[in-house]
Amino acid sequence: MTTTPMPAESSAAAPVSPDPLMRIGFGFAASKTLLSAVELGVFTELAARPGTLDDLTSRLGLHPRGAADFLDALVALRLLEREDGVYRNGPEAAFYLDRARPSYAGGVFEMMNARLFTAWSRLTDALRTGKPQSEEAESADLFAAMYADPDRLRTFLQGMTGVSMAPSRALADRFPWERYESFADIGCAQGGATAQIALRNEHLRGTGFDLPAVAPVFEEYVECAGLADRLRFQAGDMFAEDLPAADVLVFGHILHDWDLSARRTLLRKAHAAVPNGGAVIVYEALIDDERGAPTGLLASLNMLVVTHGGSGFTGAECLRWTRDAGFREAYVEPLGGDHAMVVGIK
């Protein structure tokens with residue numbers, strides 16, 4: 001068998017290097033290194049006590065063959081620091097990835113490791129079929145299947161706290177909460193966002209609204225935050241029942257789970273639940289209106305692999321749905337990073 005040689009390309013026309021492509025293609029390696037470090041408890045161990053290579057190999061139960069490369073890769077990724085052979089957490093890891101700290105956001109990485117990494121390995125199948133590829137894909141109700149397993153439920157709820165921590169803090173500071181007395185966090189999960197809003201606005205009383213199985217996890221979190229006197233849990237199904245009555249309703253990382261019809265339904269129900277002058281807030285990692293930034297688009301592909309009808313959306317799209325639901329005034333405000341909130345006033 002013979003092959004026809006490809007014609008030579010002009011070096012002047014070639015990009016400088018294929019390295020940018022290689023970094024994207026091999027990006028899963030850095031991702032999995034972080035996810036395994038969270039799973040192994042590396043950052044929590046180092047928060048308790050920095051250690052040498054031999055010490056950490058023993059404490060973490062690592063095999064000597066890969067231990068040095070693993071820890072040094074975490075240094076190279078700026079997650080750890082190394083000085084005179086002693087490893088310690090970098091500032092971001094110390095703050096967000098120590099399970100003993102209230103600022104722990106590693107639940108989202110635990111969720112990525114347990115559920116999303118495998119689902120994303122089947123992205124090609126999802127693109128060809130339009131069907132989710134997660135473990136719960138065969139279930140008509142993905143959340144019911146997940147919520148039936150207490151361990152998987154807790155991991156998911158902790159993950160949502162990690163996803164919501166930074167944007168919910170910004171939301172707690174930037175929305176004019178002084179005009180209102182009450183709020184309800186719809187699909188509240190563990191209560192991370194609910195707690196952040198209440199902590200930063202001491203006059204507010206809030207309700208966390210979610211399926212009944214969430215109650216003990218929410219109540220434990222709220223109790224630890226010292227907010228049991230101002231925050232309560234209300235069990236319910238946001239599609240089958242009325243939403244809680246409150247001055248402000250918050251949907252954090254909720255609308256992207258559902259198709260357009262369901263989103264419109266939830267916004268109409270929110271309009272019915274708030275008084276005149278009340279508000280609805282939708283916060284997400286939005287797709288930018290020009291559809292040129294990767295974060296929102298990749299988040300939308302994540303919905304493809306894990307939900308039956310979910311997807312990302314732009315701020316302009318959400319503004320239109322909010323106004324169509326009856327809110328007389330609507331605007332988009334950045335929350336920092338890749339997040340923004342869409343606010344509607346009744």
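**Close-up 1. R291 lies in the loop between strand β8 (279-284) and helix α14 (294-306)**. In this predicted model, R291 has a phi of about 55 degrees, a positive value, although R291 is not a glycine. Most residues other than glycine have a negative phi. D84 also has a positive phi, near 55 degrees, and is likewise a residue other than glycine. The place of D84 is in the loop between β2 (80-83) and β3 (86-89), and D84 counts as exposed because its relative accessibility is 76%, where exposed means over 50%.

**Close-up 2. Seven strands form an open sheet with mixed pairing**. The strands follow one another in the order β6-β5-β4-β7-β8-β10-β9. Strands β6 (231-235) and β9 (329-336) stand at the edges with a single partner strand each, so one side of each is left without a neighbour in the sheet. From one strand to the next, the twist averages 20 degrees. Within this sheet, strand β7 (residues 248-252) pairs with β8 in the parallel sense over 5 bridges, and G252 stands opposite Y283 in β8.

**Close-up 3. Helices α13 and α15 lie across strands of the sheet**. Helix α13 (residues 260-273) lies across β7 and β8, and runs at about 160 degrees to β7. Helix α15 (residues 315-324) lies across β8, β9 and β10 (339-345), and runs at about 145 degrees to β9.

**Close-up 4. Helix α11 (residues 192-200) is mostly covered, and R200 in this helix forms a salt bridge with D173**. Of the 9 residues in α11, 7 are buried, namely G192, A193, T194, A195, Q196, I197 and A198. The closest N and O atoms of R200 and D173 are 3.3 Å apart. Because R200 lies in helix α11 and D173 in helix α10 (residues 150-174), the pair ties together parts that are 27 residues apart in sequence. R200 itself counts as partly exposed, at 36% relative accessibility.

**Close-up 5. Salt bridges also join other parts of the chain, among them the pair of R59 and E45**. A search of the whole structure finds 9 salt bridges. In the pair of R59 and E45, the closest N and O atoms are 3.0 Å apart; R59 lies in helix α4 (residues 53-60) and E45 in helix α3 (residues 42-48), 14 residues apart. E45 is partly exposed, with a relative accessible area of 30%, and a network of salt bridges links E45, R49, D55 and R59.

Conventions
Residues numbered from 1 in each chain as written. Predicted model: local features only at pLDDT ≥ 70, side-chain atom pairs only at ≥ 80, totals over all residues. Heavy atoms only, no water. Helix = DSSP H or I, 4+ residues; strand = E, 2+ residues; numbered from the N terminus. Buried < 20%, exposed > 50% of the residue type's maximum accessible area, 1.4 Å probe, protein only. Pairing = 2+ DSSP bridges. Axes fitted to C-alpha atoms, helices over the stretch in contact; angles between N-to-C directions. Contact = heavy atoms within 4.5 Å. Salt bridge = Lys/Arg side-chain N within 4 Å of Asp/Glu carboxyl O.
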